[in-house]
Amino acid sequence: MKDKIIIKGARVHNLKNIDAELPKNKLIVISGVSGSGKSSLAFDTIFAEGQRRYIESLSPYARQFLGQMDRPDVDEITGLSPAIAIDQRALSHNPRSIVGTLTEIYDYMRVLYARLGEVYCPTCGTKIEKLALEEMVDIIINRGKEMKESHALILAPVVRGRKGEYYQLLYDFLGEGFGQARIDGKIHSLHEKIKMSRYKAHDIDIVMDRVMLSDESRLFEAVENAIHYSEGLVKAVFREKSGSTKLTTSKSPTEFLLSALRTCPKDNFSFPEVEPRLFSFNSPAGACPTCHGLGKTDLFLKTVCQNCAGKRLKPEALAVRINKKNIYEATALTIDSAYEFFTTYENKLNARNKLIAENLLKEIINRLGFLLEVGLDYLTLRREAETLSGGEAQRIRLASQIGSGLSGTLYVLDEPTIGLHERDSDKLIKTLKALRDQNNTVIIVEHDEKTIKSADHLLDLGPLAGRHGGEVVANGTIDDLLKHASNYENSFTLKYLKGDLKISLPKYRRTKISEEIKIIGARANNLKNIDVSIPLRKFVCLTGVSGSGKSSLLYDVLYTNINKVKARIEGPLAKASKLLGTEYIDKAVVVNQSPIGRTPRSNPATYTGIFTPIRDFFAELPEAREKGYSASRFSFNVAAIRGGGRCESCEGAGFNLIEMHFLPPILVKCEVCQGKRFNRETLQVRYKKKNISEVLNLTIDEALPFFKDIYTITDKLKVLKEVGLGYLQLGQSATTLSGGEAQRIKLGRELTHPLGRRTLYLLDEPTVGLHYHDVAMLLEVLNKLVEKGNTVIVIEHNMQVIKCADYVIDLGPEGGEKGGRVIVKGTPEDVAQNKHSYTGAYLKKYL
C-alpha cells in the first residue's frame, strides 16, 4: 500500500465518482481529450489534496498567511506526499523580475562580482586596486629595483584639485614636524610664507620622508604616515636621474599613486565598498537613480532610461568586471554562452580565488546546466519574466526544482512540452526522468506522443469531454496497455498511439497563386533583418526550434504593424523596414487560449452572442408580452430597478460567497433562487416547458433540437457543435473552461461572422492542451475559416498540424542569437526535403 497513491470517489467538476491506483516514484501521464477531466484529477484533486494536507499541518496563525484550500470533492486519497505543482502561469508580472533573479543565478553572480570582480574607474577606465600597507611597501621596493633606484620620496596627497589658500592646513603640518610640501608640482619649504590663489584649484602633497629602499622599517613608517594624513593614499617619487641629489620639482614619469581605498589615481574617483547589494537593481545601493533599477523611465511606453541606457545599474556597478565583462554584459549572454563563460572563468582561476569562488560557481554552473537540460539555451539571463511564454515559465520552474534536490515529493506538471520543438523534447524527458530518479512521483498531463511512450504509467480519461467524459478508460503501464489496446474500446489515446486512428493528410493543398503580405527587413529581437512573403487565403504554419524568432515575427512585426497601418498611425514601422500587401486584408485577429472571462458570470452563451437572440426570443413569447417584459428581463446582469429579472439576493450569480476567516471562503447556493439566477416572476415564462434558467443548463447538443427552426439561434449553436464543443452547457461558467475550450469558443465566434471579412487570424500553438481527437476537429475549423476567404497563420511544433498546412515558413537554425533566419519556405514536402531544417528532419515520417 505504501508504494501506491489510491484515489476513491473523485467527483471534482465532471469526474464521475472515479477510483484509481497510481504507482509512486514513477513517471505517470494522465491523458484524454480536451475537457475529459485530466486537470480536474491531476491539479484539482491530487495536487489540491496533497497541498491542503500540508497546510492543515501548520498552525492557524501560519495558515492565515498562506491562504486556505478547499477540500476537493473526493471520498479518500491515501499514499499522498507533499505536492508541488509546476504549471504554466506567468512567473511574475513584476518588471524587476528577470530570468536571472527567478533562477537565483543573479544572486550568486552578485556575490561573485563583489568578491572577485576587478574594479575599474567609471570615469576614465583605469584599474583601481585596494592595497594593504605591506603590499604598498613591497610595490615601492620592487619598482625601485626595476628602475635601479636606491631612494624614494614618500608623499601624502592631502589636497587634490580643490580651491583655497590652505594657510592653516600648511601651518598645522609644520606644527606636526613636517618641513616640506609639493604644491602644484613644486617643492616648497613650510618654514617660508607660501601664497596660493584662493580661486584656483590646487594639488598639495606633504613630504613624509626621503628614504633608502633598503631601510624597510623607515619606509614602512613613512608609508603608514602618508596613509594616515591623506586618508588612504600614498605617492612614491623616484629621482629622474640616478645620482642627482636635488629634489624633483615637477611630476616625474617615475611617480605613482597607491591607494588603501578604492580611489582612482588619475581622477580621484572614490569607489564605494564593493558589496553584493551594489549589483542589485532592486536596492538603492546599486539601482540607477534615474529609473530606480527598472531600465525604463516609462513602463507603459517602454521608454529606455537615458542615464543607464536600460542597464538598470549605477556606473560604479557596471565598472566591476569578471573575465572582461561587467554583470550586465554577463546577463546579456544566452544560457549556453553564459555556461561556457563561467566554466572558462573557473578553469582560469588561481588556487586562492578558486577557494573563494568554488561554491558560488558550482551553483551558477549547475543552474545554467539545468536550464540547458530543459531546452532553454536561447534565453538570456536578463530576459524579463513577463515576456516568457507559459511553456518557458514552466520549464524554468522545472529547472529550479531539479536544482533543489528534493526527494519523496509529488510533482504535478501541465503539458511541459508546450513550446518545445520535437528536437528538444528528448532533453525534457531526460529531465523528468531525473526528477523521478530522485525518488519523486512525477504526474504530467500530456498529449505528446513521445512523452506518453517514455512514461512508466498511463491513466487515460474519457471517452469524450464534459459530461460525456470524466471516466477512467485505461490505467496501467504503457507497455501493457499498448500490448492489449484492443481491450480498451473507449480509449482514443491508445487508438491513436497504435495507429488505428490517425490525422490524415489533406486531399489537396491550396497551391493556387494568391495575394501576399511581404515583410521587408524584419529585425525584432533576434530576427536578422529578414524578408518574408506570406501567401494569403491559405493555412500557413510558422515553424522552428524554441527561440528561433517565430513569435517575434508574428506578433512584434506582423501584428503590430498591420494594426499600425490599419489605424493610420503615422511614423516608422516597428522593427521592420517595409510592410506590403496590407490592402488585401481588413484586419488581424489574435486567437489565444486566455479565458473568455475571469468571472463565473461569463459563459459560452454571453461570449458568443447566442444569449442575445435567446433573450429576444423569450421576450417575444405570449406570456412575456402579456407582462410587458423586454429582453433585459431575461439578463442575469441587469438589476431589477433597471427592468431586469435577476435574483437580487445573489445579484444574478446563483450563489453567495461567505467569508470564513481562518477557513477558506465558501460558495453557497443562493437560498432565494436556489442557484437559478432569476426571480420567480421571470421563471414563469416558459418555452417547451423550460424557463430561461433551465435553457442555460442545456448543453449545445441539447439546445439544437430544442430551438429547431429558430435560425437566429441554431446557426450559432451549429458552429459551436462543429468546433467540437457540443458537450458544453450554454451557461457554463467561463472559469471552468480549459484553455483549448476557450480558444475553440473564440474560433466559433469568428466563424459566426458573415462571409468576405478578409481577416488574418494569428494563433500561437493552438494545439496546446489538445488531444489528437481535438486536433483533428481544430484543423477542420481552421480550414473552414480559410474556405471563407480568410488567412490563418499558426506558430506550431505539432507535426500533425504542420503536415496539414498549405505553406510552411521555417525559422532557425537554432534559438536565440543563432536563430532569426528563414531556413526554408514552401509546402510541407519542400520543408521535409531541406537538409538544413530540423523541422524537415522530423516532418518526413509524418508525410
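1. In this predicted model, Arg367 has a relative accessibility of 17% and therefore counts as buried. Its salt-bridge partner is Glu104, with the closest N and O atoms 3.4 Å apart. Glu104, at 38% relative accessibility, counts as partly exposed. The two residues lie 263 residues apart: Glu104 sits in the loop between helix H3 (99-102) and helix H4 (105-116), and Arg367 belongs to helix H11.

2. A second pair joins Asp456 to Arg436, where the closest N and O atoms are 3.0 Å apart. Asp456 occupies the loop between helix H14 (449-454) and strand S20 (457-462), whereas Arg436 is part of helix H13 (residues 422-437). Asp456 is partly exposed at 23% relative accessibility; Arg436 is buried at 16%.

3. In the salt bridge between Asp806 and Arg510, the N to O distance is 2.6 Å, and the partners are 296 residues apart. Asp806 is buried, with 4% relative accessibility, and Arg510 is buried as well, with 17%.

4. The count of salt bridges comes to 40. Glu49, Arg52, Arg53 and Glu56 are linked in a salt-bridge network.

5. The largest nonpolar core contains 150 residues, and those with the most contacts inside it are Leu112, Ile614, Phe618 and Phe707. Helix H11 (residues 351-373) supplies the largest share of this core, nine residues. Another core, of 35 residues, lies apart from it and includes Phe178 and Phe238.

6. Beyond four places away in sequence, the residues touched by Phe618 include Phe634, Tyr687, Lys690 and Ile692.

7. The domain assignment places residues 99-121 and 287-386 in domain 2, and 131-240 and 252-259 in domain 3. The centres of domain 2 and domain 3, taken over C-alpha atoms, are separated by 40 Å.

Terms used. Residues numbered from 1 in each chain as written. Predicted model: local features only at pLDDT ≥ 70, side-chain atom pairs only at ≥ 80, totals over all residues. Heavy atoms only, no water. Core = buried A, V, L, I, M, F, W, Y, C linked by side-chain atoms within 4.5 Å. Buried < 20%, exposed > 50% of the residue type's maximum accessible area, 1.4 Å probe, protein only. Helix = DSSP H or I, 4+ residues; strand = E, 2+ residues; numbered from the N terminus. Contact = heavy atoms within 4.5 Å. Domains from an automatic or database assignment. Salt bridge = Lys/Arg side-chain N within 4 Å of Asp/Glu carboxyl O.
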